[in-house]
Amino acid sequence: MVMGVKKQFFPTPPGKEEIFANDNKQSAGVLRNGVLTINLEAREGIWFPETHEGEGIRVYAFAEKGKPLQLPGPMIRVPEGTIIKATIENKL
């Protein structure tokens with residue numbers, strides 16, 4: 001902190017959804033009998049790239065239906081030959 005300058009932290013604005021960092025440790029969707037079923041949504045959210053210091057950035061991002069927005073979007077990782085049944089809903 002610079003002498004005499006107070007850092008200002010900004011919460012996610014009311015009515016807006018915060019976008020969270022995806023650590024890419026968990027695959028999205030449900031894999032059963034060689035078929036991955038995944039339901040995605042494209043939504044608008046507020047992204048704080050490193051900290052909540054400063055205002056967030058309005059960004060479009062993906063999420064699994066009913067889960068928080070993520071950047072990068074949900075990870076799709078499957079064995080070779082897997083059938084992917086994907087639904088994508090555009091909420092923008």
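Colleague: Is leucine 36 buried or exposed?

Modeller: Buried means under 20% relative accessible area, exposed over 50%, partly exposed in between (1.4 Å probe, protein chains only). Leucine 36 counts as buried because its relative accessibility is 3%. This is a predicted model: local features need pLDDT of at least 70, side-chain atom pairs count only at pLDDT 80 or more, and totals for chains, interfaces and linings use all residues. Residues are numbered from 1 along each chain as its sequence is written, and side-chain values use heavy atoms, leaving out hydrogens and water.

Colleague: Which strand holds leucine 36?

Modeller: Strands (E, at least two residues) and helices (H or I, at least four) are DSSP runs, numbered from the N terminus. Leucine 36 lies in E3, residues 35-47. The protein has six strands and zero helices.

Colleague: How do E3 and E6 run?

Modeller: Two strands pair if DSSP finds at least two bridges between them. E3 and E6 run parallel, joined by five bridges. Threonine 37 stands opposite lysine 85 in E6.

Colleague: How many residues of E6 are buried?

Modeller: Zero of the eight in E6, residues 83-90. Across the protein, 23% of the 92 residues count as buried.

Colleague: What share of contacts join residues at least 24 apart?

Modeller: Among contacts between residues at least 6 apart in sequence, 68% do.

Technical notes:
Contact = heavy atoms within 4.5 Å.
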